[in-house]
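Student: I have a structure open and would like to learn how to read some of its features. Could you take me through them?

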Amino acid sequence: MGIPRRTLVGVVLAVVALLIFAACLTVGRPAQSLPPAGISKIQHVVVIMQENRSFDSYFGTFPGADGIPMQNGVPTVCVPDPAKHACVRPYYDPADRNAGGPHSQSNAKAAVNGGKMDGFIAQAEHASSNCAANDPACTGAAVTDVMGYHDARDIPNYWTYAKDFTLQDHLFQSDASWSLPSHLYMVSEWSAKCSVPGQAASCVNAPQGPQLPPDFGKPKSPPRPAPDYAWTDLTYLLYQQSVSWGYYVFNGTEPDCESDSAMTCAPVKQDAKTPGIWNPLPYFDTVKQDGQLGNIQSLANFYSAAKKGTLPAVSWIDPTSAVSEHPPALVSTGQAYVTGLVNAIMSGPDWSSTAIFLSWDDWGGFYDHVTPPVVDQNGYGLRVPGIVISPYAKKGYIDHQTLSQDAYVKFIEDDFLHGQRLDPATDGRPDPRPDVREDNPLLGNLENDFNFNQKPSPPVLLPNATTY
């Protein structure tokens with residue numbers, strides 16, 4: 001039996017009336033935006049870049065990580081010591097002050113030695129100790145300690161972050177070289193030398209020797225001219241899409257001398273207004289042309305922004321020598337400084353939407369047993385520690401993906417730039433870089449370190465922190 005026509009008409013009229021009533025209820029109400037989903041939950045990325053430690057030197061005995069090969073608690077690897085005609089196994093080193101080793105491109109190649117990973121001691125023994133503080137050919141002492149490693153007894157806060165959040169055990173520095181190229185990669189994905197100011201087409205690949213700041217090395221007379229970095233950096237893309245950023249510089253000095261009283265190795269001053277090997281952005285044409293030099297500022301402003309909840313979308317943090325962990329700086333001082341930064345973020349309103357990427361810019365001459373993958377003519381470099389700290393970072397997770405610090409740039413581009421890349425073919429400002437590092441097929445995806453559906457992790461405020 002069918003539904004009577006009169007009844008059907010009544011039902012239809014009732015439904016229409018309900019729809020009209022519901023529509024009337026919404027008149028005048030503001031549109032309700034949906035909460036961010038997935039990667040968009042991260043509205044603030046903070047890159048904390050420390051100095052000169054290999055993965056094995058800090059996390060070589062971390063449970064579950066690809067650390068120092070051992071059997072029954074004894075390292076099974078042994079690196080030749082040419083001076084003693086013997087070999088040295090990795091050993092626990094409780095010293096708060098380390099010497100490290102040289103860390104230029106040639107040192108990286110010799111340390112890796114075609115995949116044998118056995119040239120670390122020889123490089124340290126052959127390095128000069130009478131050179132400028134920021135020279136990658138330097139080493140800190142006549143006695144080498146590059147086979148020594150630390151653990152939770154020395155760096156308890158770093159190990160706590162690794163346990164409570166995500167540790168990356170196959171993160172490699174972007175390039176196989178030293179601090180200046182590493183910091184250029186951090187902000188631009190390339191290290192180059194440009195022969196014509198303002199002309200990106202004049203730039204050529206220079207993984208070891210980009211244009212050097214006037215403050216690099218021993219004083220010259222007349223002073224070295226300031227470099228001109230004409231190729232494209234990430235801030236150009238951020239500016240184009242109105243994404244806020246800040247580069248925060250700790251007022252102080254660049255890496256200092258083995259001895260504070262050494263006459264041949266005077267510390268190099270550093271602040272937000274003094275470009276240098278750790279602060280290269282002021283030399284980029286794009287930063288000057290976009291009127292963004294003011295975004296390079298004192299670290300004091302970062303603490304203030306964290307407290308107020310006004311962090312920019314992207315922050316890079318540049319240490320001073322005393323807190324950098326760059327030998328001979330104390331490990332404990334660097335850890336206290338980093339803990340202070342993390343505590344400041346966790347204590348502020350932006351913690352709930354922040355991802356902190358903590359890493360070390362190069363291996364600093366210290367031993368690591370993993371052969372770096374070859375991705376192009378420039379890298380990757382040796383393995384360095386990497387930790388992701390965020391309310392959405394997977395808790396107690398060890399990421400075994402092949403990563404490099406290029407992954408930080410890729411994450412920022414995916415989160416804030418709709419996946420746009422530093423690609424000469426698409427970014428509107430061509431330069432002759434060899435490749436688009438973020439799209440390398442070997443590079444893993446940092447999104448795998450997050451669970452955006454999990455209950456956000458609460459702050460983990462740790463002791464022995466220092467705020468400057």
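Student: Is C78 buried, exposed or partly exposed?

Tutor: Buried means under 20% relative accessible area, exposed over 50%, and partly exposed in between (1.4 Å probe, protein chains only). C78 has a relative accessible area of 27%, so C78 is partly exposed. Before we go on: this is a predicted model, where local features need pLDDT of at least 70, side-chain atom pairs count only at pLDDT 80 or more, and totals for chains, interfaces and linings use all residues. Residues are numbered from 1 along each chain as its sequence is written, and side-chain values use heavy atoms, with hydrogens and water left out.

Student: Which residue does a disulfide join to C78?

Tutor: A disulfide is a pair of cysteine sulfur atoms within 2.5 Å. C78 is joined to C87, with an S to S distance of 2.0 Å. C87 is partly exposed because its relative accessibility is 42%. This link is right-handed, with 95 degrees about the S-S bond.

Student: How many disulfides are there by this rule?

Tutor: There are 2 disulfides. C194 and C203 form one of them, with sulfur atoms 2.1 Å apart. Both C194 and C203 are buried. The torsion about their S-S bond is about 95 degrees, so this disulfide is right-handed.
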